[in-house]
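Trainee: Could you walk me through this one? I'd like to look at it piece by piece.

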Amino acid sequence: MKIRAKITTSLILAAVIPLVSAMVLAIRHSTNYSKSATISTVESRLDAQAATLHTFLHSRMSEIDAMAASPLLATMDWDQIGPWLRDRRETTSDVWEKFILGDPEGNFYNTAGGNPGAGGLRTFNDRDPDAKPKSIAKRDYWQATVLNNQSAQRRVTISEPMISYTTGAKQIVIAASILRNGEVVGMIGGALPWALFESQLSDTSELLREGMPEESLFALIAPSGVYWHHTNLENVVQVKRDSSGQIVKDVDNESVVLYTNILDEEDPVLRGVGESLQNSETGVALLVTHSNENHFVFFRPIGELGYSLLLEIPEYALMKGVDTLRAELFLVLIIAAPMATLVAIFFARRLTTPFSKLAEAATGVTRGEYGMMTVSGEGEIKEVTLAFNRLLVWLKESNRARDEAEQLRFDAVVNQLTDALAIVSTDGQLIHTNQPFDKIMEQNSALGHIWEIAPWTGSECEWADRLGLLAKGESVSFECSVGYGYNRQSFEFSACGIVQQEGLMIVVIGHDVSERTEHAKLLADAMQQAESANQTKSEFLANMSHEIRTPLTSILGFADVLNDTYRESGSAPVQEQAVNTIQQAGEHLLTLINDILDLSKIEAGKVEVEHIDTLLPKALWEIEELIQARAIEKGLKFSVQVDCPVPNRSLLDPTRLRQILVNLIGNAIKFTESGEIQVRLSSPEQNGTKKLRFEIEDSGSGMTEDQVSNLFLPFSQADGSITRKFGGTGLGLTISRRLACLMGGEVWLSSTTPGVGSTFVLEIPLSLPEGAVVIESVEDWKRVSRGDDKTKRTDATQVLNGRILLAEDGKDNQRLLSIYLCKAGATLDIADNGIIALEMIEASEKLGTPYDLLLTDLQMPEMDGITLTKTIRAKGNDIPIVALTAHAMAEDRQRCLDAGCDDYASKPVNRSVLIDICARLIRGEKGAGTSIHDDRNAA
């Protein structure tokens, strides 16, 4: 910040801050004081009016109390009391409307009249001697002085506001107990004429609302919370009238009276005020109205009488004087602050003008401007000006010599660079270049401006955008080619901005990247060729899978049918052996296809492993059950040994674990002619990390060193003789090792001895899920593996009850699937392609005999299975659909589900799996794609 600005700011702050602070404090304190004084004034008014009303009512209570002490009233003889009360009524007519004498049963006499036939009592018809007497038993003043006066003491009370039974006028009754010989024999009451009381309240309202707007409210609230007087007449106690204006009567032929109670108000603030008044509390509350205005609510009890006064005033009216005072103080502040600022600026300018001129001259020197200052002023200012001019002369000569020396050094350095370098002006003109850049210019004579080799060629807007980036300190990079024909070279240029005295200069550095560009092109071509080859291989494998699996469906299926036929007819063992040979050969071919597809997916990186909470005893027991039969068939002893302690659970991929162990144990059985196969499970710790280790030990042929060297190579076996003897693809160990690596583990040959046997090891990381425990003994392990958690075997035989439509173009598969489904009990129709199937489905819907399930092949002429499924779903038909696919790739299976199929089965079709799927869907057990049927698991 410049010295002028600093001094100016300091003076302004020194003048304005104290002024503003003092005014803000004055405004705050004066506002608060005025607000408090205004509220206190209103409270004082309310207190004074409450005292006035208290005096008035208390005087009336004293009068009634004095009357109740008269011995005449103790006689309760109306013939004597009546004339006396009527005389007293005449002499006090300006105060009392009437007097009431009540007996202990609630009957009453009053000076307003009576029924001569009933001894002067008030009745509902005073002209009828048999008329029913009126009663004051429900009146609060009779209950307080007679009914509830158990102590038999003289009580004086003021009633709730009411409507008179006899006159129908609003009134308040002040009553006192009449005692005789220590007992309550009745009560005397005086009814205050409402006009007198209303006059008192009107005077009070005018005094309290003086100078206030019309929306100010005043109310008198009875002890029960009822509004007895209110500025809003709708809230005042009144009789209920019907649509014709007649007074509504209740069952006792008494007028129905309407009340408005503050305790029933919708606004919680008013209800809170009512509760405070019930507790004889005084105070002020802030009320927000429906129009979102603030109103102050003042409330005061009238002494100990139970009645209260309420005054509601809008905040804007109450605070009018406060707002005026605040506005006046703000006006003073607005006028005083600018005046103080102007005075501070004037004095600051007088003090700083000489220093500002000196600072401007010094700033010009930094830009290369050496203009002399005009000598002015006296004393120190003049001496500083002369010294500054002498300094300018010396700097000018020194800078010229320095610039010449730096230019020579710069030329020497940049010409030694192997990269091209140029300095460019903002309008694109070349200011300086080195020799490599000049060589590029010679190869392309059109390079007169830098934008002719830049990506922003021909657009001034783009050039301006790049200049904006360079001016901010950002760099701009681009590539281009120079030269002609075979002599073209690729260069990578990078530009950055440097701010100098002359303005923004652009430094451009170019590097020859011709060799890198060529390599990148060759690499891109190679990648494209590799991707094309990989795509070709994937398509070949998919087609190979389809072409082999389709006939395998017929081979394995009809072999299964023949096997059932021979078994049922008791054919010769030779025939059964021939069929079993066909089945074994087909299953061997299916295993070969699966191994090739697995290896292809692993090499393509399309295999993903899961991390599932797996019960280890159960998983190992299932593998044991799967392998046991194969070992027994060959006459081998098979056992599983667990080296405890071992955890009961681990996070792993159970499917891949089963695939690896079945491969390793299957190899051990295949290469072992006699003896035993042993599987050992343990949980060792290595370098602080827990592992799961499976050791598969056999007593087979063992291997030599040469055989071991090729052990894990794909399509490789121990030697040619073993291949001829045992068969196989040589992919099992390769797939097992790669799956183990995907799980973070490893498979290796631990030991082998020719003629003695071999030991293979699978080791994977141990990841414990929440709730895992350690099994300490083998007995506990066996109990868990064969207890409640193990998988229960169920009968896979299903009975199909329903109509099934088969869409299949292959005649062999039509016959085979017809045998499967019809033998299971289904009614089957066949369509040769998707179009025929669609027509048959629509026809069955119209006839009211829809199919229960559609079984469709994916590859068919005219209309394939995917198109058929999508068409059916687009028409809103929700028939269960099962896809038959000869493709085993995961993406092909997912394609079936995405099209709208409910499930699928892979070819070759497993009869029990297919019937199970059809039975489940016909029963209505939906859940698209929930049944994942792997060929090896089905077999």
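Trainee: In the hairpin of β12 and β13, which residue takes a positive phi?

Mentor: Quick background: this is a predicted model, where local features need pLDDT of at least 70, side-chain atom pairs count only at pLDDT 80 or more, and totals for chains, interfaces and linings use all residues. Residues are numbered from 1 along each chain as its sequence is written, and side-chain values use heavy atoms, with hydrogens and water left out. Strands here are DSSP runs of E with at least two residues, numbered from the N terminus. The hairpin has six residues between its strands, and the one with a positive phi near 60° is G303.

Trainee: How many bridges join β12 to β13?

Mentor: Strands pair if DSSP finds at least two bridges between them. β12 (residues 294-301) runs antiparallel to β13, and V297 stands opposite E312 in β13. The bridge count for β12 and β13 is seven.

Trainee: And which residue stands opposite S308 in β13?

Mentor: Look at β7 (residues 217-221), which also runs antiparallel to β13, with five bridges joining them. Opposite S308 stands I221.

Trainee: Why is β13 largely enclosed by the rest of the structure?

Mentor: Buried means under 20% relative accessible area, exposed over 50%, and partly exposed in between (1.4 Å probe, protein chains only). S308, L310, E312 and P314 point one way and L309, L311 and I313 the other, and all are buried. So β13 (residues 308-314) is largely enclosed because its buried residues number seven of the seven.

Trainee: Is L179 buried or partly exposed?

Mentor: L179 lies in strand β5 (residues 170-180). Its relative accessibility is 23%, so L179 counts as partly exposed.

Terms used: Helix = DSSP H or I, 4+ residues; strand = E, 2+ residues; numbered from the N terminus.
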